[in-house]
Amino acid sequence: MDFTFLTASGAAWEADCTLLFLRPGQEPAVVAPALAEAAPWSEISPGRKDFQGKKDERVMLYGHPDIPLPRLLLCGLGEKPEMNDLRAAVAKALRHCRDLRLAALGLSEENLRELAGFFDLSLPALLKEVVFAALAGLYRCEEYRGKPDPALAPDPRRLTLLTTAKRLDDDLLRAARQAEAEAAGVLLARGLVNGPANVITPERLAEEADALALRHGYKLTVRGLEAIEALGMGAFLFVGQGARREPRFIELEYCPAGAEHDEPLILVGKGITFDTGGISLKPPLKMHEMKGDMGGAAAVLGFFAALGRMPDKEAFPRVIGLIPSCENMPGGNAGRPGDVVTTMSGKTVEILNTDAEGRLILCDALAYAQKHYKAKAIVDVATLTGACVVALGDLGAGVFTRDRQLRALVLDAADATGELYWPLPLWKEYDDLLKSDTADFANVGPREGGALNAALFLNRFIEEQTRWVHLDIAGPGYVSKATPLSPVPGGTGTGVRIFCSLARALK
Ligand code: BES
Ligand code: MN
Ligand code: ZN
């Protein structure tokens with residue numbers, strides 16, 4: 001779906017259906033007078049009186065079929081809406097219009113301006129959220145069906161801002177293009193997470209990175225088994241050794257001209273394309289969801305997809321994406337509980353549970369990041385622990401860092417996008433819970449505080465001067481129920497928008 005503008009006068013406006021988002025008591029003609037003038041029939045339309053403005057309420061008003069604005073869809077926001085209520089209303093309205101097979105949809109600038117005032121945002125910032133919600137809300141996953149479902153309605157072709165301005169406002173256009181870029185990244189990430197593990201393999205993730213590098217001019221290095229061995233990534237190799245498919249270590253770089261010597265922002269994404277648990281095998285119930293254990297990797301690739309389409313790439317710093325990717329499988333060659341591995345950092349780890357594999361591939365990627373670069377900041381993102389889901393529920397992501405500024409940047413980014421990210425502690429007092437009888441430390445601690453223990457494990461590989469934040473997206477990386485903005489159970493693309501915002505802040 002394309003986003004466009006129609007400027008000048010209401011007489012020039014055209015759309016199969018124009019959307020209006022209203023709270024109880026708000027009169028369409030007062031909120032959007034130019035629209036009421038361009039669609040004068042709407043005020044006397046019988047449906048007009050049916051609409052109360054309640055949350056999730058939608059009333060379609062019909063005019064004459066041969067006029068340029070034949071329909072208005074009144075969408076209720078409820079009494080005290082929050083931004084996520086507006087996002088949800090937009091997403092649902094777009095799906096409603098798709099079900100009706102409407103091709104060209106309109107938004108009223110007057111309406112958006114009023115909403116921007118209500119939510120205390122600039123008009124471009126509000127438009128960005130509306131366009132993002134529209135695109136995210138239309139997501140479907142149909143590519144693995146044998147033949148297309150003939151009942152599926154096509155996506156609307158166009159979303160148009162109806163404005164009386166004579167000229168396009170550059171800020172507005174840029175905001176809309178940013179939303180399109182971010183949505184493209186989020187949709188790519190969802191597609192990768194929802195793809196089955198027999199298709200989305202480590203090799204396939206590398207191919208996706210290659211396609212992005214080619215399309216957007218990124219630098220790419222993909223390392224296979226031998227190169228990973230040569231780097232001494234003993235923990236990463238341990239996790240991958242039970243699988244027939246070989247691991248990949250993917251390194252993707254965006255470097256603006258002249259920034260070759262800048263300290264990069266480094267994004268590290270967990271890329272376990274399937275997590276059986278290994279020899280510490282998981283129970284079968286919901287095991288299929290572990291095809292989503294590369295949600296962190298998908299977020300990193302989604303970020304690079306978004307960045308490549310940004311209208312203002314110059315606002316981004318040098319960014320490096322690191323993705324350690326493999327399968328965690330049982331088998332004759334799989335690593336065992338009790339095995340001791342030497343990580344890239346030189347520290348040894350006793351594996352007490354082969355299902356705590358994410359931290360093992362990440363610790364070597366983090367060591368690599370610090371050995372090869374002096375980073376501005378390192379952010380790792382991973383579907384790391386079930387314990388984080390227990391703590392924050394299906395939708396909440398844990399934010400672990402001792403760096404107050406980074407924490408604030410992540411939380412502000414989440415706030416601006418409506419994603420649920422929340423700080424969890426990295427208490428030093430829990431550090432000795434990872435002790436091992438044979439190695440420097442173990443890969444698991446007690447069940448209690450499992451998300452913290454995992455974060456503290458990673459923290460052992462972070463050098464004193466490194467600015468680092470760990471994001472545990474085990475909950476929102478893969479949702480078992482649809483949400484308004486993520487209408488297909490499975491991948492949500494969480495992380496992509498956070499990275500976009502964080503990168504801008506660290507330029
Ligand atoms: N990939 C899982 C974590 C996970 C669980 C993600 C549920 C999404 C939903 C991770 O590799 C794992 O298995 N973690 C273990 C750690 C434990 C063995 C210390 C867990 O959370 O049970
Ligand atoms: Mn696991
Ligand atoms: Zn895992």
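**Exercise 1. Which residue forms a salt bridge with Glu327, and how far apart are the closest N and O atoms?**

Solution. Start at the side chains: Glu327 pairs with Arg245, and their closest N and O atoms are 2.9 Å apart.

Glu327 sits in strand S11 (residues 319-328), while Arg245 lies in the loop between helix H9 (234-240) and strand S8 (248-254); the pair is 82 residues apart and links distant parts of the chain. Helices (H or I, at least four residues) and strands (E, at least two) are DSSP runs, numbered from the N terminus.

Glu327 is buried at 8% relative accessibility, whereas Arg245 is partly exposed at 36%. Here buried means under 20% relative accessible area, exposed over 50%, and partly exposed in between (1.4 Å probe, protein chains only).

A word on the model before you go on: this is a predicted model, in which local features need pLDDT of at least 70 and side-chain atom pairs count only at pLDDT 80 or more, while totals for chains, interfaces and linings use all residues. Residues are numbered from 1 along each chain as its sequence is written, chains are lettered from A and ligands numbered from 1 in the order in which they are written, and side-chain values use heavy atoms, with hydrogens and water left out.

**Exercise 2. Find the salt-bridge partner of Glu109 and say where the two residues sit.**

Solution. The partner is Arg113, with the closest N and O atoms 2.4 Å apart. Both belong to helix H4 (residues 109-119); they are 4 residues apart, so about one helical turn separates them. Glu109 is buried at 10% relative accessibility, and Arg113 is partly exposed at 48%.

For a further pair, look at Arg336 and Asp339, whose closest N and O atoms are 3.2 Å apart. Arg336 is partly exposed at 47%, but Asp339 is buried at 18%. Elsewhere, salt bridges with shared partners join Arg87, Lys128, Glu129, Glu182 and Arg497 into one network. The whole structure has 28 salt bridges.

**Exercise 3. Which residues coordinate the zinc ion (ligand 3), and what is the geometry of the site?**

Solution. First list the donors: Lys270 (NZ), Asp275 (OD), Asp293 (OD) and Glu357 (OE), at 2.0 to 2.4 Å. Donors are N, O and S atoms within 2.8 Å of the metal (3.2 Å for Na, K and Ca); water is not among the atoms, so sites may look incomplete.

Then turn to the angles. The 6 donor atoms make angles of 79 to 175°, and the site is octahedral.

The manganese ion (ligand 2) is 3.2 Å from the zinc ion (ligand 3), and Asp275 coordinates both. Asp275 is in strand S10 (residues 271-275), and Glu357 is in the loop between strand S13 (348-350) and helix H11 (358-372), 82 residues away in the chain. Both Asp275 and Glu357 are buried.

**Exercise 4. How many disulfides does the structure hold?**

Solution. The count is 0, taking a disulfide as a pair of cysteine sulfur atoms within 2.5 Å. Take Cys363 as a check: its nearest cysteine sulfur, that of Cys326, is 12 Å away. Cys363 is buried, with a relative accessible area of 0%.

Technical notes:
Salt bridge = Lys/Arg side-chain N within 4 Å of Asp/Glu carboxyl O. Tetrahedral: all angles 85-135°; square planar, octahedral: opposite > 155°, others 65-115°.
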